[in-house]
Amino acid sequence: MSYVDVNGINLYYEIQGSGRPLVLLHGGLGSGEMFGTSLSAFTGQYQVILPDLQGHGRTADIDRPFDFAAMADDVAALIDHLGLDKPDVVGFSLGGGVGLRLAIRHPEKIGKLVSASAGIRRSATYPEILEQQGQVTAAAAEFMKETPMYELYQRVAPRPEDFPRLLDKIGEAMQQDYDLTDEVRGLRVPTLVMGADADMVPPSHFVEIFNLLDGGLRDGGWTGEGRPKGGHALAIVPGTTHYDIIDSPLFATIALDFLRNRD
């Protein structure tokens, strides 16, 4: 359990397991703890680095908006600080979005990427979810006191009283429009696009991302010669939602199978 000063933030991280380095990025309002039983599958084969992103877990917030690109730069700086040689990256939800931006902005620093439950266009999110996200403000803090996210924050955050501020900043970030279509089309990091079959976006959006990566455009061929040229892949995890995909045994199994293939 350590801290490092990067980009003006005192970033908390843990290292567990041994082997090739793997950076595991948590979802919003969470920390590395949210990976639960999936974590042991990763630490059984990798040296897992678990940072707590800005304002989450044991990393205190700073006077900076919640910006996926800035968080990606934080992770890149952590990789440099630890002297990691092109670690693989697995991210979920917020972490999946940060992982995508890490691959876009710092492709030379990472090996492979698994981006789970992360869309690339705000407009792809179901309208009812966008409406719910619009209600995430400091005023919602009282209603969240019985949730696991609140319990985690109160237990580990350097300043537990910052929870309403965290909700405000997350809410503001979710109102910002974004479209990574052009950036994803040029992605050079081999990427597994993963999503639940009942996620915050329709499965067709994950297929759209795969299409941008040269996937799903033709028959793969007997020897895989028609697969995406960049080594990309797609997985829709059956029987899962945005809220429980990382609890499925298939989450780690699929991710590890993709990472294991070093071709």
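Good morning. I begin with Val 23, a residue that is buried, its relative accessible area being 1%. Please keep in mind throughout that this is a predicted model. Val 23 belongs to strand S3. What does Val 23 touch, once its neighbours within four places in sequence are left aside? The contacts are Ile 49, Pro 51, Val 75, Ile 79, Leu 84, Pro 87, Asp 88, Val 89 and Val 90.

Eight strands make up an open sheet with mixed pairing, in the order S1-S2-S4-S3-S5-S6-S7-S8. Its edge strands are S1, residues 2-6, and S8, each of which pairs on one side only. From one strand to the next, the twist averages 25°.

S1 and S2 are joined in the antiparallel sense by five bridges, and Val 6 has Ile 9 of S2 as its bridge partner. These two strands form a hairpin with two residues between them, and in the turn Asn 7 has a positive phi of about 50°. S2 is also paired with S4, again in the antiparallel sense, over six bridges. Within that pairing, Tyr 12 is bridged to Asp 52 of S4.

Further along the order, the pairing of S5, residues 88-92, with S6 is parallel and has four bridges. Here Gly 91 is the bridge partner of Ser 115 in S6. Ser 115 also has a partner in S7, namely Val 193. S6, residues 113-116, and S7 run parallel and are joined by four bridges. S7 in turn runs parallel to S8, residues 233-241, with six bridges between them; Met 194 stands opposite Ala 235 of S8. Is S7 mostly covered or mostly uncovered? Strand S7, residues 191-198, is mostly covered, since six of its eight residues are buried.

Helix H1 lies across S2 (9-17), S3 (20-25), S4 (46-52) and S5, and runs at about 140° to S4. Helix H3, residues 94-105, also packs on the sheet, where it touches S3, S5 and S6; its direction makes about 140° with that of S5.

Two helix pairs deserve attention. In general, the packing of two helices is described by the angle between their axes and the distance between the axes. For H1, residues 36-43, and H9, residues 249-260, the axes come within 9 Å and cross at roughly 25°. An angle under 35 degrees counts as roughly parallel, so H1 is roughly parallel to H9. The crossing of H1 with H9 is right-handed. Ser 38, Ala 41 and Phe 42 make the contact from H1, and Phe 251, Ala 252, Ala 255 and Leu 256 make it from H9. By class, these residues are six nonpolar, one polar and no charged.

The second pair is H2, residues 68-82, with H3: the angle is about 70° and the axes are 8 Å apart. H2 and H3 are therefore roughly perpendicular to each other. On the H2 side the contact involves Phe 68, Ala 69, Met 71, Ala 72, Asp 73, Val 75, Ala 76 and Ile 79; on the H3 side it involves Leu 94, Gly 97, Val 98, Arg 101, Leu 102 and Arg 105. This contact has 10 nonpolar residues, one polar and three charged. Val 75 and Ile 79 were also among the contacts of Val 23, with which I opened.

Finally, a point on backbone geometry. Most residues other than glycine have a negative phi. Which values do Leu 29 and Ser 117 take? Leu 29 has a positive phi, near 60°; Ser 117 also has a positive phi, of about 55°. Leu 29 is found in the loop between S3 and H1, and counts as buried at 16% relative accessibility. Ser 117 is found in the loop between S6 and helix H4, residues 127-133, and is buried, with a relative accessible area of 6%. Thank you for your attention.

Conventions
Residues are numbered from 1 along each chain as its sequence is written. This is a predicted model: local features need pLDDT of at least 70, side-chain atom pairs count only at pLDDT 80 or more; totals for chains, interfaces and linings use all residues. Side-chain values use heavy atoms; hydrogens and water are left out. Axes are lines fitted to C-alpha atoms, for helices over the stretch in contact, and angles run from 0 to 180 degrees between N-to-C directions. Angles under 35 degrees count as roughly parallel, over 145 as roughly antiparallel, 65 to 115 as roughly perpendicular and the rest as oblique. A crossing is left-handed if the near helix is turned anticlockwise from the far one by less than a right angle, and right-handed if clockwise. Contact means heavy atoms within 4.5 Å. Ala, Val, Leu, Ile, Met, Phe, Trp, Tyr, Cys and Pro count as nonpolar, Asp, Glu, Lys and Arg as charged, and the others, Gly among them, as polar. Buried means under 20% relative accessible area, exposed over 50%, partly exposed in between (1.4 Å probe, protein chains only). Two strands pair if DSSP finds at least two bridges between them.
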